[in-house]
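These are my notebook entries on a structure that I looked through entry by entry. I record what I looked up and what I found.

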Amino acid sequence: MKKILIFTGILISGFAYSQTKTSSLKEAIKMMAVANIPDSLLTGAETYWTISTVSSVGYVNNTPGSNYNTYKSGGGMIVKFRFLKENRFEFLLYVQANTYGTDTETFTQVNGTVVFSKDAKGQQVFTTHAEKGVYRIVKNGTITTRPIPVNELKDQHSNTYLWERTNFQDDPAKTYLLMVDMDAHPGVDISQPSTIDPSWVSKFHIPKK
């Protein structure tokens, strides 16, 4: 993973150089990514590529308290990607964990730029460059929120993904976006299926147009 370089020198010229270098890099990324997102992946403002594992099976809370005798979901998660024009992306992660006496929900939201390209093997990839984000936790009704630190934006939320858009005959109502995190699995080669474990593939979907 990438590391944050922390400059502690007292030379003003060194600080100015780092600012210029960072600015130039951002401009280069922006220029590379303009109108770079394939039309087939653009979602618009209301649609997300989505994965959901939120359980439809729940339980009745028998723990005394404000939620006594209420029906609760068993939990799960929802992951969403949205691609917009002008090389923008939005990532959302919602995780729900309900147990007797404890209800916890966590939200992660990240925004930034995205560049679509091909890697050295000619595979279709895109790279996210996270610019800002927020973590929010709701535990038994108490909400805590904090911005995502710069080092986490760069290390955890800026990634390169192998991707393919496809349809499945057994689910004709949806279009799928298959993704593999290449930072976690750098050896994947789509021409050699043995290099890709099926558990690495994230299957996002949208309603078929």
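**Entry 1: nonpolar cores.** I looked up the largest nonpolar core and found 24 residues in it, with Phe81 and Phe83 having the most contacts inside it. A nonpolar core here is a set of buried Ala, Val, Leu, Ile, Met, Phe, Trp, Tyr and Cys residues joined through side-chain atoms within 4.5 Å. Buried means under 20% relative accessible area, exposed over 50%, and partly exposed in between (1.4 Å probe, protein chains only). Among the elements that give two or more residues to this core are strand 4 (76-84), strand 5 (88-99), strand 6 and strand 7 (124-139). Strands are DSSP runs (E, at least two residues), numbered from the N terminus. I also noted a second, separate core of six residues, which includes Val125, Leu162, Val188 and Ile196.

**Entry 2: basis of the values.** I note that this is a predicted model, in which local features need pLDDT of at least 70 and side-chain atom pairs count only at pLDDT 80 or more, while totals for chains, interfaces and linings use all residues. Residues are numbered from 1 along each chain as its sequence is written, and side-chain values use heavy atoms, with hydrogens and water left out.

**Entry 3: aromatic pairs.** My search of the whole structure gave 13 aromatic pairs. Rings of Phe, Tyr and Trp (its six-membered ring) pair if their centres lie within 6.5 Å; planes under 30 degrees apart count as stacked, over 60 as edge-to-face and the rest as tilted. The pair of Phe81 and Phe89 is tilted, because the ring centres are 6.3 Å apart and the planes stand at 40°. Phe83 and Phe126 form an edge-to-face pair, at 5.3 Å centre to centre and 80° between the planes. This pair links distant parts of the chain, as Phe83 is in strand 4 and Phe126 in strand 7, 43 residues apart. Phe83 is buried, at 0% relative accessible area, and Phe126 is buried at 0% too.

**Entry 4: Phe116.** I placed Phe116 in strand 6 (residues 102-118). Its relative accessible area is 8%, so Phe116 is buried. Beyond four places in sequence, Phe116 touches residues including Pro38, Phe83, Phe126 and Trp163; contact means heavy atoms within 4.5 Å. Ring pairs link Phe116 into a cluster that includes Phe81, Phe83 and Phe126.

Note on methods: Helices (H or I, at least four residues) and strands (E, at least two) are DSSP runs, numbered from the N terminus.
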